[in-house]
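Please open the model in a viewer and keep the sequence panel at hand.

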Amino acid sequence: MLKIHSLPEDQEKSKLFDIKINQIRLKAEFARVSAMPFNTSWPGHQRDKSQTEESGFISFESDESVVIEVSVEKTIKSALVRPLSKNVKVDILSDNSLCFKLEKVGGYVLEINGEHNPLHVFFNPVRDFQAQAQAEKEQGRTVYYFGKGVHNIGELEISSHTTVTIDGGALVYGSISAFSAEDVKINGYGVLDGSLEIRTSGKRLLPSRTEPYFCPDREDFQKHMDETSCLKGLLRFYFSKNINCEGVILRDCSTFCVIPAACENAAFDNLKTIGMWRYNSDGIDVFNSRDVVIKNCFIRNFDDAIVIKGICGWDFSNNENILVDNCVVWCDWGAACEIGAETNAPEYKNITYRNCDLIRDCAGAMMRIQHYNYADIHNVRYENMHCEFSKDQMNCMLQKSDDEVYEYKPGTHQPYLIDLHIRERELFGRDNQKGKIGNISYNGIYIYIDEEVLELLKIRLCGYSKEHCVDNISLENIYINGKKLEDLKELNPEIGDFVYNITLK
């Protein structure tokens, strides 16, 4: 069966594509995305829309393969579907039409004539969220069900044993949060939209405090949020456990999109982030939490995509036992898979990234540990990671004034493949304490890179002191365009001081 999820007809649609899925015609939904890696230091305001462009997305569920036909108004010179590891063949049918077949569920991107104005494709497994919500309601569980149509929920805070279902075809404006809650579920194939939250210079991105630590007191926490005019994002979980989020499309957030802070036993499955064009619009940011699984997600964000942070106020807890599995990531500025930059925690340990496709990273790094603070970061593994580098990569720029214009310089920049860096200065930390990085392994790293920019492929490793160093880094089964890496020099390494015991197998 094939079920297409379309938002109400009166909502803005993308005008870029004419689409059929298995001969059924549909319109792509509208999503605003970054047009250029042009960022700025903390300005406290929303990004100018002149730095953005239109894209589209479609969402459907099916238990069989699908054939997607796409027509566009421009002449098709080239076309491909990412992730490249999926080996999806695109057939160009005419000057302005093409088709491709998808065999498996997942997140995909169709690029026509390069990275601009792409079509994002969300192929979901079959689920009956409405029946599930009804059954849970009959069992006495608190259930919020949003069916097809437009809903404005404002700031919805949920309590323990609650399910929020945003079903396919639903467009929900607002945010959802939980504080000291247990057994909460957010699910469905609809859209949770944050575009109504306006960022200004008087608002804080996220809840943090230098002193004292946060405690699980609802009144104290709410007072802090009010006093700091803290932005709400889309999904926020504080001091909560047994969290399950599945399927929802998250669009146009004003700040960090998804945050579990001081949480345990949290699962984020098949979430999609899109339309994240604003400054600091991170994807999923784990704050000082344990036993977290992020799997089967499609994450496209302007700033860092999947991030593990140690944030002051929450740093009584480690980040530990965290798995990122089978995700597709497009990062428009920062790092695709990031540890840091804030690293306030006693330890980061037992963290695994595996089976992920990092399809674009426009500025920072594919896999980065950016260490500014005091944590001991160790036992981190990257396994079966597919990293894509393109000759049409745009160069990154920092905007120094509002009237500065982005200047495209083709063929001059690629993000780092790997970046392990203990920074000299402190970032939103405590007393300029320093930590270390050790026992980091990379096994099965598959690099897809256009030959024209092969010389720009690079890694960076840099420590801070003998005590605060980068130590015991293992590189095994690294492949560049199908050829196994035999010499570290092929990665153009930038090795700074206080880096020890790098092995290549």
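The stops below cover a strand and its partners, a cavity, aromatic pairs and charges over rings.

The model is predicted, so to speak of local features a pLDDT of at least 70 is required, and side-chain atom pairs count only at pLDDT 80 or more, whereas totals for chains, interfaces and linings use all residues. Residues are numbered from 1 along each chain as its sequence is written, and side-chain values use heavy atoms, with hydrogens and water left out.

**Strand E2**

Select residues 18-21, strand E2; strands (E, at least two residues) and helices (H or I, at least four) are DSSP runs numbered from the N terminus. Buried means under 20% relative accessible area, exposed over 50% and partly exposed in between (1.4 Å probe, protein chains only).

Select Asn22 in the turn of the E2-E3 hairpin: its phi is positive, about 45°.

**The largest cavity**

Which residues line the largest cavity? Select Ser34, Ala35, Met36, Pro37, Glu53, Glu115, His116, Arg300, Trp330, Asp332, Cys362 and Met394. A cavity is a set of points on a 1 Å grid over the protein atoms alone where a 1.4 Å probe fits but cannot get out, and lining residues have an atom within 4 Å of a point. The volume of the largest cavity is about 60 Å³.

Keep Arg300 selected: it lies over the face of Trp330, at 3.6 Å from the ring centre. This requires CZ of Arg or NZ of Lys within 6 Å of the ring centre and within 35 degrees of the ring normal. Arg47 lies over the face of Phe302, at 3.9 Å.

**Aromatic pairs**

The whole structure holds 21 aromatic pairs, defined by ring centres within 6.5 Å (Phe, Tyr and the six-membered ring of Trp), with planes under 30 degrees apart stacked, over 60 edge-to-face and the rest tilted. Select Phe60 and Phe123, a tilted pair at 5.0 Å centre to centre and 35° between the planes. Phe60 lies in strand E6 and Phe123 in strand E12, so the pair ties together parts 63 residues apart in sequence.

Definitions and conventions:
Two strands pair if DSSP finds at least two bridges between them. On a 1 Å grid over the protein atoms alone, a cavity is a set of points where a 1.4 Å probe fits but cannot get out, and a pocket is an open set with protein on both sides within 12 Å along at least five of seven lines; lining residues have an atom within 4 Å of a point. Grid points are joined across faces, edges and corners, and a volume is the space filled by probe spheres set on the points.
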